[in-house]
Amino acid sequence: MSINDRDRAIERLSAFVARSVDERRRREPFFHLESIAFPDDIYAQILALKPESRDYRPCMARSKGHDLDDGRIRG
């Protein structure tokens, strides 16, 4: 990917996210508590590149007494 292609992709993504935030701000009072929608092609790349769930480990900042054997938090 050339610098120009990268710059255009960044500009496209930035504009899309800004529009999404602006549109949701008008419709939903607490939109910031939910995730922002990315363009379909970018979101597909995010999902394709994210680690598998088995690659995650429990957060060490939590009390270990609240974790179940499978890593989930006790409800």
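Student: Is Asp-41 buried, partly exposed or exposed?

Tutor: Asp-41 is partly exposed, with a relative accessible area of 37%; buried means under 20% relative accessible area, exposed over 50%, and partly exposed in between, with a 1.4 Å probe and protein chains only. Please keep in mind that this is a predicted model, in which local features need pLDDT of at least 70 and side-chain atom pairs count only at pLDDT 80 or more, while totals for chains, interfaces and linings use all residues. Residues are numbered from 1 along each chain as its sequence is written, and side-chain values use heavy atoms, with hydrogens and water left out.

Student: Which side chain does Asp-41 meet in a salt bridge?

Tutor: Asp-41 and Arg-12 meet through their side chains in a salt bridge at 3.1 Å, N to O, where a salt bridge is a side-chain nitrogen of Lys or Arg within 4 Å of a carboxyl oxygen of Asp or Glu. This pair links distant parts of the chain, since Asp-41 is in helix α2 and Arg-12 is in helix α1, 29 residues apart. Arg-12 counts as partly exposed, at 44% relative accessibility.

Student: Why can such side chains pair at all?

Tutor: Side chains of opposite charge can pair when their charged atoms come close.

Student: How many salt bridges are there in the whole structure?

Tutor: A search of the whole structure finds two, and one of them joins the side chains of Asp-5 and Arg-8 at 2.6 Å, N to O. Both of these residues lie in helix α1, three residues apart, which is about one turn of the helix. Asp-5 is partly exposed at 35% relative accessible area, whereas Arg-8 counts as exposed at 53%.

Student: Changing topic, how many helices and strands are there?

Tutor: The protein has two helices and zero strands, taken as DSSP runs numbered from the N terminus (helices are H or I, at least four residues; strands are E, at least two). Of its 75 residues, 8% count as buried.

Student: And which residues make the nonpolar surface patch?

Tutor: Phe-38, Tyr-43, Ile-46 and Leu-47 make a nonpolar surface patch of about 340 Å². Patches are made of residues with over 30% relative accessible area and no salt bridge, with like charges joined within 9 Å and nonpolar side chains (Val, Leu, Ile, Met, Phe, Trp, Tyr) within 5 Å.

Student: Where is Phe-38 found?

Tutor: Phe-38 is found in the loop between α1 (3–27) and α2 (40–49), and Phe-38 is partly exposed, with a relative accessible area of 30%.

Key
Accessible areas come from the Shrake-Rupley method with a 1.4 Å probe; for residues, only the protein chains shown count as cover.
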